[in-house]
Amino acid sequence: MSHDSRTAPRICPLCEATCGLTLTIEGTTVTGARGDRDDIFSRGFICPKGASFGGLDADPDRLSVPLVRGDDGELREAAWGEAFDRIAARMPDLVKAHGPQAVGVVLGNPNVHTMAGSLYPPLLLGALRTRNVFTASTLDQMPKHVSSGLLFGDAHAIPVPDLDRTDHLLLIGANPLESNGSLCTAPDFPGRLKALRRRGGTLTVIDPRRTRTARLADRHVAIRPGADALLLAALAHTLIDEKLADPGPLAEHLEGLDELAAALADFTPEAVAAACDVDADTITAIARELAAAPTAAVYGRIGSCTVEHGTLASWLVDVLNILTGNLDRPGGALFPLSATARAPRAAEPGTRNAAPGKGFALGRWSSRVSGHPEAKGELPIAALAEEIDTPGEDRIRALVVIAANPVLSAPDGDRLDAALADGLDFMVSVDPYLNETSRRADVVLPPPPPSQSAHFDFAFNSFAVHNQVRYTRAAVPLEDGRMDESEIHARLILAVSGMHGAPPSAVDDLAVDTALTRAGAPKELAAGLTGESGPERRLDLMLRLGPYGLTLGQLLAHPHGIDLGPLKPRLTEVLRTRSGRVELLPDPIAADLPRLRRALGDRPAPLVLVGRRHLRSNNSWMHNVGSLTGGSNVCTLQIHPDDAARLGLADGDTARIESSGGGIEAPAEITDTVRSGVVSLPHGWGHSRPGTRMSVAAAHPGANVNQLLDGTLLDPLSGTAVLNAIPVSVTPAH
């Protein structure tokens, strides 16, 4: 390290593990990143993404100034003032002429990885008053939000496995050794699973691929893709039928246990075995092992969410945790309590039950064209293109896209790309890159590199396997000519709401005032808030109003974090159902079960496609980092040797894959890590469209797996696109 080098702590913003980093900085350049051994949560763990922090931060393809589309139709560099002037001149007039539903908002995955992306989009939606909201959730975790909302009355009340204390962990559709975990924030997930094995625990993995996680398991079950809900239903049926179900203290908080038993009566191990391609004895053995374990947790993720019965599968994960008495129990599945969570609710007077809440409702409004019901205030992102290109009243004419690339991440990107190019009057993108989606914008607003931004994990602390809190300020000063991400968001809100020219602090002041009102706190509290910026003042307020009564000053005094203790039982605090109890068989779930019963008689397609995760990437937004290319981070079609021989494919041959939405080509990778009848392509590739400025990604474009989908196949309860278990045909390319 040279004499002018220094180090700075930084929470990694590149996946859900939120590991602590120690950055090495030369002047204002990040020259290295290693795991922070003093971090109270990650204890020095780091993955290849975190180690590449400096390369991503200094990526020369990152935009540094706004882009504005000129009269010639080309994007050109512009001053910040001109960019916001353009937005203020167009957006309010469009809303005035066509109404608020003429505007759509798209929020991508990276929003939850930044402070600004968490704090400001709700204010933007409030200013625009549009119901046309689309996010990456309907490509990922919305089934879990819906099932939690129906069970517990709160779509954000998602229990996580108590990884460090459980005796038996069952994973379905999850590969945390490569994803680093999802809706389960756990630095060093691999180390935690190995520790489970060392202490004599059991790991069961249900996955059609023999993933790195599956190779670590005591039992790997290569299920037929898409049959997750059937298998889980059979496990629940077995627990009930063999009188192994024992909710224990949970029983007094449950409603509908008898009705649940009747609803699952048809899903015997023998009935589901053929559809799952898992024999009945194996299903029965797994159920008995769950029941016999001193503590156990069932955890399902994207592979079990992005299928036709994703919400039912997500619901059944928690049903299993409930039936075995492991929900809200140390060593089972518990509800984290983050430092910025709302204060816990009291129990019903005179009882230990939760007070009745407002509950959770689906379908409060529907999409204009296909009538898709909303879920958690969102519409299916698979419906975005038709909402733009289908004529009629309330057609989306303007779009605000924040840290999203739906041309690659949503089904039928060709149709969406055409809709963005020809169907919009105006589009704004907040994005550091000119990518496949932002290239269609009229104004592009680029946030600064992550080293120049403060970081706090509002979302992921709510899914953490250990209660803790950490905050890091920007590691290097904001570069001349750049604008802080929070100021970009605040000025965008002012521009679209007719308040262009007001100071950005007005947005934060309004947010503070609103938060105090909702909390019933005295307005005088605002004067005592500390912090160097509006976001820091807002964080300080949320900490003060939170369950631990912390302050921003305390976080700044502990740069490696504050340990808030292991997860604790708190079910009655999180329940928001109208009954004040866990509603085991909500009406929407009961109404969808006949569809699952019909699946018992479905004949499987000869060949189906599933996705896969890569340790060295995160969807489409990290493919431009040179140090993360190569290795396993490649876009190949994995295919079993028996299928390859039958189809006449050799390793490395170009394969043609076709499905309902179209066809793509990718190199064949022959491997027995996928079961026969299954092929696998990773998500987020297809960087071959003209007009982007992502040179590394363009040099390794890959194929866009979502172009195989026409967007019509959704999980009906959550509106989530079916991305797994897609019937395909594969032939050698000519």
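These legends walk you through several close-up views of a predicted model.

Local features are described where pLDDT is at least 70, side-chain atom pairs count only at pLDDT 80 or more, and totals for chains, interfaces and linings use all residues. Residues are numbered from 1 along each chain as its sequence is written, and side-chain values use heavy atoms, with hydrogens and water left out.

**View 1. A mixed open sheet of seven strands.** Follow the strands in the order β5-β4-β17-β16-β15-β6-β7, and you will find the pairing mixed. At the edges are β5 (75-77) and β7 (133-135), each of which pairs on one side only. On average, neighbouring strands of this sheet are turned by 15 degrees against each other, direction ignored. For angles, axes are lines fitted to C-alpha atoms, for helices over the stretch in contact, and the values run from 0 to 180 degrees between N-to-C directions.

**View 2. Strands β6 and β15, with two helices against the sheet.** Strand β6 (residues 103-107) runs parallel to strand β15 (residues 398-402), and five bridges join them. Helix α5 (residues 121-128) lies across β6, β7 and β15, at about 170 degrees to β6. Helix α19 (residues 485-496) also packs on the sheet, where it touches β15, β16 (426-430) and β17 (443-445), and its direction makes about 160 degrees with that of β16. Contact in these legends means heavy atoms within 4.5 Å.

**View 3. The covered helix α6.** Helix α6 (residues 142-152) is mostly covered, with 11 of its 11 residues buried. Buried means under 20% relative accessible area, exposed over 50%, and partly exposed in between (1.4 Å probe, protein chains only). Just after α6 comes G153, with a positive phi of about 85 degrees.

View 4. You can find R578 in the loop between α23 (571-574) and β20 (582-583). R578 is exposed, with a relative accessible area of 65%. Although R578 and G153 are 425 residues apart along the chain, their C-alpha atoms are separated by 7.4 Å. Not counting residues up to four places away in sequence, R578 touches P356, G357, K358, G359 and E583.

**View 5. Buried D39.** D39 sits in the loop between β3 (29-35) and α1 (48-51). This aspartate counts as buried, because its relative accessibility is 3%. Leaving aside neighbours within four places in sequence, D39 is in contact with G20, R470 and H560.

**View 6. A parallel open sheet of four strands.** The order here is β11-β10-β9-β13, and the pairing is parallel. Because β11 (219-221) and β13 (297-300) stand at the edges with a single partner strand each, one side of each is left without a neighbour in the sheet. Neighbouring strands are turned by 15 degrees against each other on average, direction ignored. Strand β9 (residues 168-172) and strand β10 (residues 202-206) run parallel and are joined by five bridges, and H168 has T202 as its bridge partner in β10. Helix α8 (residues 189-198) lies across β9, β10 and β13, running at about 125 degrees to β10. Helix α13 (residues 280-292) packs on the sheet too, touching β9, β10, β11 and β13, and its direction makes about 135 degrees with that of β11.

**View 7. Strand β24 and its two partners.** Strand β22 (residues 637-639) pairs with strand β24 (residues 662-670) in the parallel sense over three bridges, and I639 has I670 as its bridge partner in β24. Strand β23 (residues 654-659) runs antiparallel to β24, and six bridges join the two. The bridge partner of I657 in β24 is I664. Together, β23 and β24 form a hairpin with two residues between them.

Conventions:
Two strands pair if DSSP finds at least two bridges between them.
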